Amino acid sequence: MRSALADVWPSEIRYHASIGSTNDEALAWVKAGAADLSVVVADEQTHGRGRMKRQWFTPAGSALAMSVILRPGPQEVQPGPAVAMRLTALGAVAVATALERYHLQPHIKWPNDILLDGHKTAGVLVETTWEGDRLEWAVVGIGINVSAGSLPPDDQLRFPATCVEAVLGHPIPRVQLLREILIQVAAGRKQLTSPWLWQAWQARLAYRNEYILIDDGVKTQRAKLIGLDENGGLRVTVEYGKQIIFTQGEIRPILEGSQK
Ligand code: BTN
């Protein structure tokens, strides 16, 4: 695998047949002296983690689970709340762009889900370490459902899910998808401070100008999704056309005209 990726990725890639979580392994590697752009890849995760402490399902032989370790320089990140959003955007745009290389049409469901045909296919989990208010290390964890075996049982799904091969209609080598993603992460890394990243994200944003339900942890409300703000927040309009920016939360679509 390393030799198949050496021409696109300069740093060390550690492969594990089975591991708890590639993000945990990457955070441990950071403490043990990982270099910028080190990568952890696993065939199976026994304790894969998603957002909001949810479990992320990664059975052997069916998914892509990877974590990219980044040490952004001071010129690459501006301090402030947008940092984690930028890194999430980096991962989500990299996955979406890689899938487009297979002539698929992914959408990014704010903030961190990648959809194919409206079904969740991949997710991004960014974890960071800080020294005061300075970002030290970031781990960009990416999980992708590649073949049907990667899908969780129906009763564990919070949102309809699919896998790359079901939408594509044929199998793909996972190492080839990994290669495409690494190419896109390397390209996106160079754009961390540039408006290009927001534009690339916004261009693929799911449900634009559509009605959604947004749950910010306090309440769920109906809104029309407008787009992103300059910090990666979600701009929506609520009743009477009032605009609000959400910096966190979970969204799902509703049909126009629905009273829900
Ligand atoms: C989500 O949709 O909630 C994010 C899912 C992120 C899963 C990936 S798989 C690789 C990395 N290791 C983990 O434990 N989680 C991330």
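## Close-up views of a predicted model

**View 1. Pro 111 lies in the loop between β4 (107-109) and β5.**

**View 2. Asp 113 sits in strand β5 (residues 113-116).** Is this aspartate buried or exposed? With a relative accessible area of 7%, Asp 113 is buried, because the cut-off for that label is under 20%. Its side chain makes a polar contact of 2.7 Å with the side chain of Lys 120. Leaving aside residues up to four places away in sequence, Asp 113 touches His 107, Ile 108, Lys 120, Ala 122 and Gly 123.

**View 3. The space taken by the ligand is the largest pocket.** There are 20 residues around the ligand, and Ser 21, Gln 45, Arg 49, Arg 51 and Lys 120 come nearest. Lys 120, then, is on this list and is also the polar partner of Asp 113 from the previous view. Which elements supply at least two residues each to the shell? They are α2 (22-31), β3 (63-70), β6 (119-131) and β7 (134-145). Of the contributors, β6 gives the most, with four residues.

**View 4. Zooming in on the ligand, Ser 21 puts a polar side-chain atom 2.7 Å from a ligand oxygen atom.** Gln 45 also uses a polar side-chain atom, this one 3.0 Å from a nitrogen atom of the ligand. With Asn 23 it's the backbone: an N or O atom there lies 3.5 Å from a ligand nitrogen atom. How much of the ligand's accessible area does the protein cover? On its own the ligand has 410 Å², and the protein covers 98% of that.

**View 5. Asp 117 is in the loop between β5 and β6.** Its phi is positive, about 50°, although Asp 117 is not a glycine. Asp 117 counts as exposed because its relative accessibility is 61% and the cut-off is over 50%.

**View 6. Tyr 240 is another non-glycine residue with a positive phi, here near 60°.** You'll find Tyr 240 in the loop between β10 (234-237) and β11 (243-246). At 83% relative accessibility, this tyrosine counts as exposed.

**View 7. Lys 53 belongs to the loop between β2 (39-45) and β3.** This lysine is exposed, with a relative accessible area of 85%. Between the C-alpha atoms of Lys 53 and Leu 104 there are 30 Å, and the two residues are 51 apart along the chain.

Terms used: Residues are numbered from 1 along each chain as its sequence is written. This is a predicted model: local features need pLDDT of at least 70, side-chain atom pairs count only at pLDDT 80 or more; totals for chains, interfaces and linings use all residues. Side-chain values use heavy atoms; hydrogens and water are left out. Buried means under 20% relative accessible area, exposed over 50%, partly exposed in between (1.4 Å probe, protein chains only). A polar contact is a pair of N or O atoms within 3.5 Å; within protein, one must be able to donate a hydrogen and the other to accept it, and residues adjacent in sequence count only if both atoms are side-chain atoms. Contact means heavy atoms within 4.5 Å. A residue is near a molecule or strand if one of its heavy atoms lies within 4 Å of it. Accessible areas come from the Shrake-Rupley method with a 1.4 Å probe; for residues, only the protein chains shown count as cover. On a 1 Å grid over the protein atoms alone, a cavity is a set of points where a 1.4 Å probe fits but cannot get out, and a pocket is an open set with protein on both sides within 12 Å along at least five of seven lines; lining residues have an atom within 4 Å of a point. A molecule sits in a cavity or pocket if more than half of its atoms lie within 2 Å of its grid points.
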